Amino acid sequence: MHHQWLLLAACFWVLFMFMVASKFITLTFKDPDAYSAKQDFLFLTAVPDVGRSPGETHFPEELKPTGKMLVEPLVYTQRLELMRNVCREDALRNLSHTAVSKFVLDRIFVCDKHKILFCQTPKVGNTQWKKVLIVLNGAFPSIEEIPENVVHDHEKNGLPRLSSFSDAEIQKRLKTYFKFFIVRDPFERLISAFKDKFVHNPRFEPWYKHEIAPGIIRKYRRNRTETRGIQFEDFVRYLGDPNHRWLDLQFGDHIIHWVTYVELCAPCEITYSVVGHHETLEDDAPYILREAGIDHLVSYPTIPLGITAYNRTKVERYFLGISKRDIRRLYARFEGDFKLFGYQKPEFLLN
């Protein structure tokens, strides 16, 4: 009898530890900026239904995911029409247009085998899209087999940049290939960039802490006696400064993590086939794969429910305590991104 009680107690203990471990794993996968880690894979088939009732999310109407199939997914056409209309607005020309320079061409990755161009916009789940292209280019047989350290190593990942081709070859690809990129609420993307590069720095890129952060602090910290590391307020002042470019030149290509989508992808100069939204990636990822004609070859990683949703509370918390003047200057720089892609001006700027 004594042994039976011991056995029963041991079973209860094992069950309790399993529940604790399961809870920990669940919480780990709810980090909205960490869902790019290796996960299970499946084919997603949801596409948007533009008739979904308002108020279910904080997104503008055209950005809402729905999980319903439509014969004609109008939401994607509407996004492109909005972008074209904003591109034609003379008042926003300086914020919506840029030259298709080498800086832009360096951001665009090429898959010649399937005639696809992907413009990289960091901090919106781009790692997964690069994995998709790496598989399509034949460098690895499946997404699961790609080592994490290879994804961003352009000597090993088999992803040519559009800038590596001749002018004639560049123009041919821009005119004939399927082209896409992904966007996210501009302010939430900046928060993600700040956390990733200056707070967590998971890939151990010491130059952000030891070179870029001190440069920002020296120029933009108001309290010279404060000795803390870079704060989000310092970052906001730097980005909102109309004369930020002299520091950008010093920082080099590291600025790709926080410059505008306009500067990265030239959406008014290049005719993109699809613009995906991070907030509706569950719908957008399978749509992009189908439109590119590759949904039978590769799938996008499973997206934990709600992980890409806009987090208004987080955005408001980060901007709490930052002067309205600094926030308005920041918005003035990113206004083109907000308007081109249908993102609403933050409520804390409307008061």
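Guide: Start with a charge over a ring. In this predicted model, the charged end of K219 sits over the ring of Y220, 5.6 Å from the ring centre. R107 does likewise with F103: R107 lies over the ring face, 4.8 Å from its centre.

Now ring against ring. The structure holds 28 aromatic pairs. Take F181 and F341. Their ring centres are 5.7 Å apart and their planes meet at 85°. The pair is therefore edge-to-face, because planes over 60 degrees apart count as such. Look at where the partners come from. F181 belongs to strand 3, residues 178-183. F341 is in the segment after helix 15, which covers 324-340. F181 and F341 are both buried.

Next, Y238 and F251. This pair is also edge-to-face, with 5.8 Å from centre to centre and 80° between the planes. Y238 sits in helix 10, residues 232-240. F251 is in helix 11, residues 245-251. They are 13 residues apart. Both Y238 and F251 are buried.

How far can you trust the coordinates? Mean pLDDT for the protein is 83, and 79% of its residues reach 70 or more. Residues 18-72 need care. There pLDDT stays under 50. The model still has 115 contacts beyond four places in sequence for that stretch. Where pLDDT is low, predicted coordinates should not be read in detail.

How values were computed: Residues numbered from 1 in each chain as written. Predicted model: local features only at pLDDT ≥ 70, side-chain atom pairs only at ≥ 80, totals over all residues. Heavy atoms only, no water. pLDDT = per-residue confidence, 0-100. Contact = heavy atoms within 4.5 Å. Phe/Tyr/Trp six-rings, centres within 6.5 Å; stacked < 30°, edge-to-face > 60°. Helix = DSSP H or I, 4+ residues; strand = E, 2+ residues; numbered from the N terminus. Buried < 20%, exposed > 50% of the residue type's maximum accessible area, 1.4 Å probe, protein only. Lys NZ or Arg CZ within 6 Å of the ring centre and 35° of its normal.
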